[in-house]
Amino acid sequence: MWMFVMFDLPVVDRASSRAATRFRNFLLDQGFEMSQLSIYARFCNGKEQYETYLRRIEKNLPGRGEVHVMGFTDRQYENIVRFSGQSRGRQRKNPDQLVLF
């Protein structure tokens, strides 16, 4: 299962900019990778792990802004069409196994 976090956070002053940066860094620390500027993705081993990360995200939400979390099954994720510039990108494959660093 794949988890996507999409957000639109205000960065109008120094405090809100720090909150947005803190949230992005939190996602990176949790193993998410940046798909686009405000879209982060992470592979989860199942619904239980998905719910665990959802609770962690909820505890670390910034005070203002919009955050959307979406879940995709492996098959739905494989069917995502990606374009880079004017050409169609390779389809992403699900990881064969988890990699530990």
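Predicted model: local features only at pLDDT ≥ 70, side-chain atom pairs only at ≥ 80, totals over all residues.
Colleague: Why is the contact between Glu51 and Lys47 called a salt bridge?

Modeller: The side chains of Glu51 and Lys47 come to 3.7 Å, N to O. The cut-off is 4 Å between a side-chain nitrogen of Lys or Arg and a carboxyl oxygen of Asp or Glu, so the pair qualifies. By this rule the count comes to 1 salt bridge.

Colleague: Where do Glu51 and Lys47 lie?

Modeller: Both belong to helix 2 (residues 47-59), 4 residues apart, which is about one turn of the helix.

Colleague: Why is Lys47 called exposed?

Modeller: Its relative accessible area is 51%. Exposed requires over 50%, and Lys47 is therefore exposed.

Colleague: What makes Glu51 partly exposed?

Modeller: Glu51 has a relative accessible area of 29%. Buried would require under 20% and exposed over 50%; Glu51 is therefore partly exposed.

Colleague: Why is Ser16 called buried?

Modeller: The relative accessible area of Ser16 is 9%. The limit for buried is under 20%, so Ser16 is buried. Ser16 lies in helix 1 (residues 14-29) and touches Pro10 and Val11, not counting residues up to four places away in sequence.

Colleague: How do you know that strand 2 and strand 3 pair?

Modeller: 3 bridges join strand 2 (residues 33-36) to strand 3 (residues 39-43). Pairing needs at least two bridges, so the two strands pair. They run antiparallel, and a hairpin joins strand 2 to strand 3 through 2 residues.

Colleague: Which residue in strand 3 is the bridge partner of Met34?

Modeller: The bridge partner of Met34 is Tyr40.

Methods: Residues numbered from 1 in each chain as written. Heavy atoms only, no water. Buried < 20%, exposed > 50% of the residue type's maximum accessible area, 1.4 Å probe, protein only. Contact = heavy atoms within 4.5 Å.
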